[in-house]
Each structure stands twice: as C-alpha cells, then as structure tokens.
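Colleague: Please take a close look at one helix in this model and the parts around it. A plain account will do.

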Amino acid sequence: MEGTRPQQRTIRQRSDSAVGVPAAMGLYALIKKDQPMLKDAVYIGTSVIEAVGITYAAKHIIRRDRPFVKYPDKIHAYGAPDADSPSFPSGHTAAAFSLATSLSITYPKWYVIAPSAVWACGVGFARMNQGVHYPSDVVAGAAIGVGCAFANIYVNRWLNKVLFGRQIK
C-alpha cells in the first residue's frame, strides 16, 4: 500500500480483518467444542459476508466513479484501489459496521459497543480521508452493515436450525 499514510494503513488493515474476528471465534469454538460461541461466530460471520456481498453487487450495478477518478486535479488518493473499482457503497465501511453491530448485539456491554462503534466510524472516516469514497458512499455502507447485522438475527434463527438442529433463543 505504497503512498498510504501510516494511520490510514492501520485502519484499513483492521477493516480488512472484519472476517478474521468471526473466523477466529469459530476456530476457537470448534477447538473448545463451544457450541454457543460457534453460533455467535456464524451469526457475526454471516452478517459480515452478507454486507460484503450486497456492497459488491451494488457497486457493480451503480458503477459510481471514485472521487480521485472524477476529480483527479483536486483529490490525491492514498493507498487507492484500482481506478476501475466502483465507489458506491463503501464495502470496507459496510463490513466494519456489520462487524461492530453484530458484536454489539451479541455482547451488549459498553466495553464491546463503544470500541466497536469508534472503530467502525474510524474505518468510514479513513475511506473518505484516503480520497477513495464520498461521504454518501460511507453512509450507505454503514446503513448496509447495520441492516445486515439486524437482518441476520432472523436469518440465523433458520440457519441455526439447519446447522445445529434447533433454534437458539
């Protein structure tokens, strides 16, 4: 990621790890044979995967140019993605907000909610500050992420029946 500011590189690397948290939870749960944690990992992981899938599809349907492509004389992108990659909505922001929201729903404690929310907002801000997203891209990504986390509460009721044989309460 040449040309990326150090603090932005750190935030971007952390946003790319949104799938890593539920994967690590799932691996730990499988090793320890902890079925409740495995259910949590499936819920969190499917929320993130769903958010990433929806944003990927939306990007390629809408095909909005990135700010550094549309305004090359005004915006210098730091750690810019491929110029052919569409801008709207922000996939990193959607994944971050999906992870933060699903973690906050699963573990509703202030010490989970506050850092998760700050981190997700930081990811969105970093994407705008890097010059790769408009504010509307980030707001849409955040809405998709939060929406996926809430929708997956209901989706996972069915998925838990399929995977685990009974519904969690």
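Modeller: Start with the outward side of helix α6: the exposed residues W110, Y111, V118 and F125 sit on the face turned away from its buried side. Exposed here is over 50% relative accessible area, buried is under 20%, and partly exposed lies in between (1.4 Å probe, protein chains only). This is a predicted model, in which local features need pLDDT of at least 70 and side-chain atom pairs count only at pLDDT 80 or more, while totals for chains, interfaces and linings use all residues. Residues are numbered from 1 along each chain as its sequence is written, and side-chain values use heavy atoms, with hydrogens and water left out.

The buried side of α6 is made up of V112, S116, A120, V123, G124, A126 and R127. Viewed down the axis of α6, these buried residues fall within an arc of 160°, so they line one face of the helix. The arc is taken from the directions from the helix axis to the C-beta atoms.

As for length, α6 covers residues 110-129, which is 20 residues, and spans 28 Å from its first C-alpha to its last, close to the 28 Å expected at 1.5 Å a residue. That expected span is 1.5 Å times one less than the number of residues. Helices are DSSP runs (H or I, at least four residues), numbered from the N terminus, and strands are runs of E of at least two. Just after α6, G131 has a positive phi of about 85°.

Further along is α7 (residues 135-164), which holds N156. With a relative accessible area of 3%, N156 is buried. Its side chain and that of T46 are joined by a polar contact of 3.1 Å. Such a contact is a pair of N or O atoms within 3.5 Å; within protein, one must be able to donate a hydrogen and the other to accept it, and residues adjacent in sequence count only if both atoms are side-chain atoms. Setting aside neighbours within four places in sequence, N156 is in contact (heavy atoms within 4.5 Å) with V42, Y43 and T46.

P89 is in the loop between α4 (67-70) and α5 (91-106), and a cis peptide bond with omega of about -10° joins F88 to P89.
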